[in-house]
Amino acid sequence: MNYSPAETIPLLLSGGLRGIVVDLLWVRALARHEEKKYYELLTINNFISKLQPDFPAVWIFQAWNMAYNIAHEWDSPQNKWKWVRSGLHFAKKGALKNPRSGDLFFELGFMYAHLFDQRYFKYAAFNREQLKKEDGEDNYEAALFWMRKSVVNTPKLRNIAAIERTICHTLWKAALCAEEEGNFGNALDYVETAIKEWKEYDEKYPEDALVEVRTFIKKLEDKKMVLRNTINKADNSVLQDWEK
């Protein structure tokens, strides 16, 4: 039911040879990846996705190829964004074909968080604005949606604890971004949710030595106070102006 006639025909025609054809295409795809021939890789992976639509790895591989490898080949932010968006849309299409793939959901969520992080990408702010304009999405909300969906769909490549840590970190980044943009109410909501989820994480994984949970909670509590003071000052300023 998830496939159109155009997608079903190649599956039917290839019949018993489909496995052999897919194996050969994967070998070629890996070779083109090593050679950094990303546009040829694009064509190969698109064909694999038609022959093997229920295999999440091809959707992940192709989405990353577009959003990272091909986007990197361009200089202008507009062209970079074109390929970032194409990668995200390809992964979302794969998610529709594989509605229970926790691994694909996590990779998609991670892309929504990572590709819009200004620490790593020069045009992250531009990408964030374009995503809002063209798709009506907030990248952090999208990231959290797909990561949470991953947790309840049995991911195999990453354990649940790692994904839950990533969700907590994403909430922090979302709060900082909202604060920078002047959306202090949203920032406070993200911070309060992060505090709640870090505390739940600490209860579930008390022996986890990979992260200093209490240090993060203290940082979040401090940020919560700052945001509340900022909001209170803004409210008082509005009230004083109204009284005048």
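How much space lies in the second largest pocket? About 200 Å³, and the exercises below lead up to that pocket and beyond. This is a predicted model, in which local features need pLDDT of at least 70, side-chain atom pairs count only at pLDDT 80 or more, and totals for chains, interfaces and linings use all residues. Residues are numbered from 1 along each chain as its sequence is written, and side-chain values use heavy atoms, with hydrogens and water left out.

**Exercise 1. Describe how H4 packs on H6.**

Step 1: Find helix H4 at residues 56-72 and helix H6 at residues 102-114. Helices here are DSSP runs (H or I, at least four residues), numbered from the N terminus.

Step 2: Take the angle, about 15 degrees, and the distance between the axes, 9 Å. H4 is therefore roughly parallel to H6 (angles under 35 degrees count as such). Axes are lines fitted to C-alpha atoms over the stretch in contact, with angles from 0 to 180 degrees between N-to-C directions.

Step 3: List the partners. Residues of H4 including Trp59, Trp64 and Tyr68 meet residues of H6, among them Leu104, Phe110 and Met111 (contact means heavy atoms within 4.5 Å).

Step 4: Sort the contact by class: ten nonpolar, one polar and two charged residues. Ala, Val, Leu, Ile, Met, Phe, Trp, Tyr, Cys and Pro count as nonpolar, Asp, Glu, Lys and Arg as charged, and the others, Gly among them, as polar.

**Exercise 2. Which residues lie closest to the centre of the second largest pocket?**

Step 1: A pocket is an open set of points on a 1 Å grid over the protein atoms alone, where a 1.4 Å probe fits, with protein on both sides within 12 Å along at least five of seven lines; lining residues have an atom within 4 Å of a point.

Step 2: Of the 13 lining residues, Ala71, His72, Lys80, Val84 and Phe121 are the closest to the centre.

Step 3: H4, H5 and H7 each give two or more residues, and H4 gives the most, with four.

Notes:
Parallel < 35°, antiparallel > 145°, perpendicular 65-115°, else oblique. Points joined across faces, edges and corners; volume = space filled by probe spheres on them.
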